[in-house]
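Hello,

Here is the structure I promised to pass on. Please look it over first, then read my notes below.

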Amino acid sequence: MKEYSVVPNRDVTGWYVKIEDVAPTDYHSTRDEAVMEAESMAKDNAPSKVIIYDAHQEIEEQRQF
């Protein structure tokens, strides 16, 4: 199962989408855009999971597709 994550950058001015917690693949200015991108990628590669982190680098939510 592939794992996608949405994490904030260092000063929380943008959000990264990562695959398997390696180097970021996409950068978005808003959290919502990053979540939509991660969900789209996860749906295209099901079964997969999206892990969404909050501004404090803690897991806020997990979604499976």
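The largest nonpolar core has 11 residues: Tyr4, Val6, Trp15, Val17, Ala34, Val35, Ala38, Met41, Ala42, Val50 and Ile52. A nonpolar core here is a set of buried Ala, Val, Leu, Ile, Met, Phe, Trp, Tyr and Cys residues joined through side-chain atoms within 4.5 Å. Buried means under 20% relative accessible area, exposed over 50%, and partly exposed in between, with a 1.4 Å probe and protein chains only. Two or more residues of this core come from each of β1, β2, α1 and β4. Helix α1 gives the largest share, five residues. In soluble globular proteins, nonpolar side chains tend to be buried together.

A word on the source. This is a predicted model: local features need pLDDT of at least 70, side-chain atom pairs count only at pLDDT 80 or more, and totals for chains, interfaces and linings use all residues. Residues are numbered from 1 along each chain as its sequence is written, and side-chain values use heavy atoms, with hydrogens and water left out.

Now the sheet. Five strands form an open sheet in the order β3-β2-β1-β4-β5, with mixed pairing. Its edge strands are β3 (24-28) and β5 (59-64), and each pairs on one side only. Helices (H or I, at least four residues) and strands (E, at least two) are DSSP runs, numbered from the N terminus. Two strands pair if DSSP finds at least two bridges between them.

- β1 and β2 pair over five bridges in the antiparallel sense. Pro8 has Trp15 in β2 as its bridge partner. Six residues lie between these strands in the hairpin, where Val12 takes a positive phi near 55°.
- β2 and β3 run antiparallel, joined by four bridges. Trp15 has His28 in β3 as its bridge partner. This hairpin has four residues between the strands, and Glu20 takes a positive phi near 55°.
- β4 (residues 48-53) and β5 are antiparallel over five bridges. Ile52 stands opposite Glu61 in β5.

Helix α1 (residues 31-44) lies across β1 (2-8), β2 (15-19), β3, β4 and β5. It runs at about 165° to β4. Axes are lines fitted to C-alpha atoms, for helices over the stretch in contact, and angles run from 0 to 180 degrees between N-to-C directions.

Last, His28. Is it buried or exposed? His28 is buried, with a relative accessible area of 15%. Not counting residues up to four places away in sequence, His28 touches Gly14, Trp15, Val17, Glu33, Ala34 and Glu37. Contact means heavy atoms within 4.5 Å.

Best wishes
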